[in-house]
There are 2 protein chains.
Amino acid sequence: MSDAHAARRDRLLEHCSAAGMDAALITSPANVRYLTGCTPCGASLLVTRERALLALPADLPPEDNGEFVYPVDLPQQSAAADQDTAELAAMAAAADRVGELAVEEHDLTVRRYREVADRAPGVRLHDLGRTVERLRVVKDEQEIADLRIAAEIGDQALGELLESILVGRTERHLAMELERRMVDHGADRAGFPVSVGTGSHSGQADHRPTDRRVEEGDFLTVSLGAQYRGYTVRSTRTFVIGAAPAGWQVELHRLVFEAQRAAREALAPGVPCSTPDRAAREMLGEAGYREDRPRPFGHGIGLEVREAPQLGPSETGKLDNRVPVTVGPGVHLPGRGGVRIEDTLVVRPVAEGGPELLTITTKELLAL
Amino acid sequence: MSDAHAARRDRLLEHCSAAGMDAALITSPANVRYLTGCTPCGASLLVTRERALLALPADLPPEDNGEFVYPVDLPQQSAAADQDTAELAAMAAAADRVGELAVEEHDLTVRRYREVADRAPGVRLHDLGRTVERLRVVKDEQEIADLRIAAEIGDQALGELLESILVGRTERHLAMELERRMVDHGADRAGFPVSVGTGSHSGQADHRPTDRRVEEGDFLTVSLGAQYRGYTVRSTRTFVIGAAPAGWQVELHRLVFEAQRAAREALAPGVPCSTPDRAAREMLGEAGYREDRPRPFGHGIGLEVREAPQLGPSETGKLDNRVPVTVGPGVHLPGRGGVRIEDTLVVRPVAEGGPELLTITTKELLAL
């Protein structure tokens, strides 16, 4: 992987050079991981033309981090050291003659910014903005392979749960069970807290599991996603508990299913980022379900659970090839519950078979 | 709880006034929670003499947060709104005549800082530093009651695990099992990823669980802590697997047990923060166990797993009454494993019975 990470750092340097900057100081954890493969807690990465340097602060315990991987795969010209971000900048100014340094102002705290400015007084600081986040949008095949494995793990965990008895168990218990199963199947961890909503809680995005118990006749909505080698996917399914769903449940599920399919089928390179969301939203709107403050039905996903691009109704920009995105419309009826169905797919051209579905658990209305 | 939170905000304002500042903008999540009882994701709290205002950014999904509690208990003069931190500052400048605003430079990003400065051009920004963190050091009895419950939950989960068969199970599986059990017993969640280390992994602080399976004759080190109403404790125990521990295991366990006891017994109001660590370290040093880069054996704990004060060998400052701290020395022998024993205790004066032990699971060398 060293070569891939080095190539990413080269692309970053090209962006820096084009903007008149000599070097970049990366502090966002996902960006550090993307550029090095390493995820030490609180690490900063300095990329200059001469070398890449990772600062591992000695005072931050790994427990604050979710995971801790020592930098084993930085290429030879790189180094890792227990030192301060500010020291790193000072070193670069002295040794690599860095005069114009790009920093991630959306991530760097004011305190650390001041420390860098103080320790490296000859260096002018500029805002790198979300340059690395933009580099991360289109995934390479290795990244997509990791996402596929993450999706398989989530599908396995969900499949096992569906075979067990659900009535009488609490949302919190089911959520923890799914997290444990994902880890058992090889996940680094759950990519985000598993959401389980039953009865009136079903159909909500990101419902926090409660002590409510699953009852006969409930809708049950589960959102989960494993993280594998840093990469996370998301899927959401809604089932019904008991022998036969009620008429309104069948109808609502069919509507959300169709809306989600319309959104999925709209995914293609070159398509505006707003199109999938609009396709689903139109279908739900025609059936009378409109939101006052629409929340996007989808977004990019990868090293972060939610990353660029956003797929909201008012987004600008177009979809690119090899961008993994979530597509997850839903309807929630206050007091009654609802349906949400969400997949992670990779945008691919028609010539390659169209969007690649990663989260393959059935989207039918299973009666459990 | 409204009154308690309002009183905390009043104390913060006193600090601000004494430093010539009219208001404070709080962005650190633990600090927002301490001052409001609310934990929405990415919220900012503005405290002026006239009112307290919580900004809930509309664009941040709750999933990015661990938990999401709507601000139900802000007193009447307070308000919560979907708005930007910068808008909040601009509002305060206009309505509350804020001229000098304290911000948390150790938490605020450069980008948000610039936005505030742009939107509220008449306002001068100053660094609040870790003022709120300092207010949080000494806990009130309600906070200690929550910590006691958190400790009970962890003890229950660990107790149940010790009654089950451990040989053949992986570290990762055992860790997930403990996290699930804590949630079953009423925890908000695990306060930090449970650490399970067996065999050569035992005795390490913050070992990340692997797929290594528990074997006969292993040392098994478990670190866990439930979070309850936001408050976390930590405890670490080391057991031995099989009928009879080896001689070196008995000896090493006894040494760490005695070192940990020495550190615990050193806890008292007015005692230097370095004393407990030194008491343990001296005992380990006399037995030949010295670290090149000593990592503090303890620290404060509460809304954050690691907070002020640090209890390292070179700390300055003194312990206060009603400060919960961890005390967790250990010895790790590379390739062989080791022992770590850690408790959370509340500093109390001798007149009140001395340090209050929260994590009461036995520290004996159980053979499981």
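This is a predicted model: local features need pLDDT of at least 70, side-chain atom pairs count only at pLDDT 80 or more; totals for chains, interfaces and linings use all residues.
Other salt bridges lie within chain B. Arg181(B) pairs with Glu177(B), and their closest N and O atoms are 2.9 Å apart. Both residues are found in helix 7 (residues 171-184) of chain B, and because they are four residues apart, about one helical turn separates them. Arg181(B) and Glu177(B) are both buried.

A salt bridge between Asp343(B) and Arg264(B) has its closest N and O atoms 3.8 Å apart. Here the pair links distant parts of the chain, since Asp343(B) lies in strand 18 (residues 343-346) of chain B and Arg264(B) in helix 8 of chain B, 79 residues apart. Asp343(B) is buried, as is Arg264(B). In chain A, salt bridges with shared partners connect Glu160(A), Arg169(A), Glu177(A), Arg180(A), Arg181(A) and Asp184(A) in one network.

Aromatic side chains come next, with two aromatic pairs over all chains. The ring centres of Phe219(A) and Trp248(A) are 5.5 Å apart and their planes stand at 80°, so this pair is edge-to-face. Phe219(A) is part of strand 9 (residues 219-224) of chain A and Trp248(A) is part of helix 8 (residues 247-265) of chain A, so the pair ties together parts that are 29 residues apart in sequence. Phe219(A) is buried, with a relative accessible area of 2%, while Trp248(A) is partly exposed at 28%.

In chain B, Phe219(B) and Trp248(B) form an edge-to-face pair, with 5.5 Å from centre to centre and 80° between the planes. Strand 9 (residues 219-224) of chain B holds Phe219(B), and helix 8 (residues 247-265) of chain B holds Trp248(B). Phe219(B) is buried at 2% relative accessible area, and Trp248(B) is partly exposed at 28%.

Finally, the surface carries a patch of negative charge, where Asp84(A), Glu87(A), Glu115(A) and Asp118(A) gather. Asp84(A) lies in the loop between strand 4 (79-81) and helix 3 (85-95) of chain A. With a relative accessible area of 34%, Asp84(A) is partly exposed.

Key:
Residues are numbered from 1 along each chain as its sequence is written. Chains are lettered from A and ligands numbered from 1 in the order in which they are written. Side-chain values use heavy atoms; hydrogens and water are left out. Patches are made of residues with over 30% relative accessible area and no salt bridge: like charges are joined within 9 Å, nonpolar side chains (Val, Leu, Ile, Met, Phe, Trp, Tyr) within 5 Å. Accessible areas come from the Shrake-Rupley method with a 1.4 Å probe; for residues, only the protein chains shown count as cover. A salt bridge is a side-chain nitrogen of Lys or Arg within 4 Å of a carboxyl oxygen of Asp or Glu. Lys and Arg count as positive and Asp and Glu as negative; His and the chain ends are not counted. The place of a charge is taken as NZ of Lys, CZ of Arg, CG of Asp or CD of Glu. Helices (H or I, at least four residues) and strands (E, at least two) are DSSP runs, numbered from the N terminus. Buried means under 20% relative accessible area, exposed over 50%, partly exposed in between (1.4 Å probe, protein chains only). Rings of Phe, Tyr and Trp (its six-membered ring) pair if their centres lie within 6.5 Å; planes under 30 degrees apart count as stacked, over 60 as edge-to-face and the rest as tilted.
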